[in-house]
Structures are given as structure tokens and as C-alpha cells.
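Look at the model first, then follow the questions.

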Amino acid sequence: MNLSNMEGPIVSLGLMSGTSLDGIDAAVIETDGEIVTDIGPSLSIPYPDEFRAWLKAAVERAAQSNSLTADATLIRELTSLHIVCINKLLDGEEEGGKWKRPKIIGFHGHTTLHRPELRITQQIGDPIQMANETLIPVVSDFRTLDVKEGGQGAPLAPVFHASMLRSKSRPVVIVNIGGISNITWIGPDPNDVIAFDTGPGNGLMDAWIEQTTGKRFDEDGQLSAQGIVDQSVLDTLLDHSYFKLKYPKSLDRSDFSINALEGMSPSDGAATLLAFTVNSIVAGLKLCPNPPEALYVTGGGRHNLTLMSQLSVACPCQVHPIEDEGWNGDMIEAQAFAFMAVRSLRNLPLTFTNTTGARSPISGGKLSYPAG
Ligand SMILES: Nc1ncnc2c1ncn2[C@@H]1O[C@H](COP(=O)(O)OP(=O)(O)OP(=O)(O)O)[C@@H](O)[C@H]1O
Ligand SMILES: [Mg+2]
């Protein structure tokens, strides 16, 4: 079967391993790479605690040494966990039941190092193992070509955001609050798309909550709601050179730290970090050509009620969860990689000058077929 010659919409399964180290998202869509013709089931599985600690240690080692992760056992185990997630999804173990079998998989892998200024970006995972064990061709390595061509290699989801947007009141901004936060600004002309990482998302807050309370995250924002923002600590955090840069720009999860919060109570620290996330998103909006008519929030951060209400107060426009546009905000990244797998097959661009800073619109991704 030569996928490159297939025309029309095809069923594609996308996989995302979040920078928050929360687990794997898998989602099926049908698309021709230009528009989404149908949305299938989706599923998330959390990483087992032991595996999460292993992966976290690898990511931290990579950040400290600026070197690539080559632990073959870790890469194999990460891929096997993705395959478990695929099989559960295809067996119908999710809401929506069984669906059409995917013809292609978009496998993002887990980012262990992202240093575009050094022309380095690494997402680990073994596409050949995945293709052989699922018998489905796999597109992987979505970011390398962009970085090689002078781009930031991130964010990649904007091309999917722009294709899915229905809202007529533009400009509009989609903000993904994952481990870090990134925005996609879509202008009055829907082909006018700007995107960049704005700053922290949930990653710093999660690290603080884990360190001070032993919990994984601030559920519904309850702890941060009780805290008081320390303005001088917040000012220190916001005095980072990243916020003075123009787009395109992107971040590695290790670019910010919780060191400035030493000695603070868990709730005051959580409130201050939450304000840091909100302020950096608002600073990002100011870099865009025009203020948006509306802001749609996707990613795990939209479950944090304190974050959502603080964002509403701070933003110059209405703030909505992305569900108000009819999307599933927990699955957009996975759906985006399903979409990009098909674009990659058809050699359509994944990245643009105003999304990653690539010299010209370019495609990317590497196709691996099952053996035989
Ligand atoms: N009920 C909730 N209350 C507060 N925060 C929540 C809740 N549910 C999820 N979150 C936050 O969302 C995070 C996960 O978000 P998400 O899945 O978008 O991150 P991610 O997979 O790392 O994404 P990305 O790769 O885009 O950075 C959790 O670590 C947590 O901080
Ligand atoms: Mg996630």
C-alpha cells in the first residue's frame, strides 16, 4: 500500500505525550489534511508513577547536559505504552466505541530536549517498533526539519487550529495551557496566523504543588484560590528576557524554575505562579498585531477554575473554554498530530514563517512502514 498516492480523506490516529509528563493522549480523526471530515474516539492514559519518574529523570538530565537521550530501554518502554494506548482505543475501550481502523499514525513522541537556538529538538519514541507492532504506517519526527530550516520547531498545532476554527468574530486567539502555554492568533483573514509560546503553563505550578504538598497538581485551582500573590516575586519571574523577545519564539520546559519561590507557603506560591502564567499570556497577547475579539482556552489549564477566572479578569476580551467552539480541549494536540500525519503524507506545510519562523512554509515528518 502506497499511502502517498491515496487521495481524499483518510482515517488517522494522533498521539501526544505531554510535556507535563501526565501521560499519553490518542485521538482518531478523518481528514484530507486540509479539513477534518469526521471526529472519532479518543483516549488518555496516565503514565505509571515509576515510568513517569524514569522519564522525568531523563528529561532533567537532557536539560542539564544539553545532550540527547539515548536510553534504548526507556525509548522502547515509552513506545510500548503508546501501543497499549492505541490498542485500547482501537478495541473500543473509550466513549464512542469502535471506529474505522486508522490508515496512518501521527506519533509525536516525548520531548526530552528543545533547544532550537542550537538547532536541537528531540522527541523520543521508536516509529519502527510502533509500525511493526500495530501494522499501521507511522509518521514521526515532526519538528526536526523545521528546526533545521531555521524555525523554532514549535508550536506545531496552529495549522490544525486554523483549519478547525468556526468563529466568525476575528481576530481570535487560541491559548493552549499545557506544560507551557502557547497562543495561536488568527486574523480577520483566516490565513493570517501567528503563533508562539507565551511562557509557563501548568508545568511550574505542578512542580511547586508536588514539592510542597506531594500532590500532582492544584485540583480545580483550590489551593491557588486561597493564596496571596507576592508581587515582588512575580516581578522577578516576569523580568525574564524571554518576554522581551518578539515572535517567533519557543520554550523548553526547563527555561523557568521555581527557585524564586523559596520559603513561600504552598498556597501563596501557587497563587504567584498562577499569576505568572496569566501575566505571561496577557504579555503574549500584546505582541499580536491586534487584540483578539475572543480567547479560547485549550489544554489541561482550562480545568483550573482559578486560572480561568484570573485569565478572564486580566484579558481584554471574553475568555471561553474551547468546548464553546465545539472542540474537545483535552484532545486537540493528539488530533493535531493525526491531522499533521496526513499533511506530511501529502507534503503540505506544517509550519510557516509566522508560526515557527521557518524561512518558508515547509512540511516535515518521517514515514515508517511496517516490515514486509
Ligand atoms: N482538574 C484540574 N484542576 C487543575 N489543573 C488541572 C486539572 N486537570 C488538569 N490540570 C492541569 O493540566 C495539566 C495537564 O495539561 P495538559 O494535558 O494540557 O498538558 P500536557 O499534556 O503536558 O500538554 P503540552 O504537551 O501541550 O504541554 C496537569 O498537569 C494539571 O496541571
Ligand atoms: Mg496531557
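A crossing is left-handed if the near helix is turned anticlockwise from the far one by less than a right angle, and right-handed if clockwise. This is a predicted model: local features need pLDDT of at least 70, side-chain atom pairs count only at pLDDT 80 or more, and totals for chains, interfaces and linings use all residues. Residues are numbered from 1 along each chain as its sequence is written, while chains are lettered from A and ligands numbered from 1 in the order in which they are written.

Q: What makes α8 and α9 oblique to each other?
A: Helix α8 (residues 231-238) and helix α9 (residues 266-287) pack at about 45 degrees, their axes 10 Å apart. Angles under 35 degrees count as roughly parallel, over 145 as roughly antiparallel, 65 to 115 as roughly perpendicular and the rest as oblique. The pair is therefore oblique.

Q: In which hand does α8 pass α9?
A: The crossing is right-handed.

Q: Which residues make that contact?
A: From α8 come Val233, Leu234, Leu237 and Leu238; from α9 come Thr272, Ala275, Phe276 and Asn279. Contact needs C-beta atoms, placed from the backbone, within 7 Å. Six of the residues are nonpolar, two polar and none charged. Ala, Val, Leu, Ile, Met, Phe, Trp, Tyr, Cys and Pro count as nonpolar, Asp, Glu, Lys and Arg as charged, and the others, Gly among them, as polar.

Q: How do you know that β4 and β7 pair?
A: Pairing takes at least two DSSP bridges between two strands. Strands β4 (residues 104-107) and β7 (residues 138-140) have two bridges, in the parallel sense. Ile105 has Val138 in β7 as its bridge partner.

Definitions and conventions. Axes are lines fitted to C-alpha atoms, for helices over the stretch in contact, and angles run from 0 to 180 degrees between N-to-C directions. Helices (H or I, at least four residues) and strands (E, at least two) are DSSP runs, numbered from the N terminus. Two residues are in contact if their C-beta atoms, placed from the backbone, lie within 7 Å.
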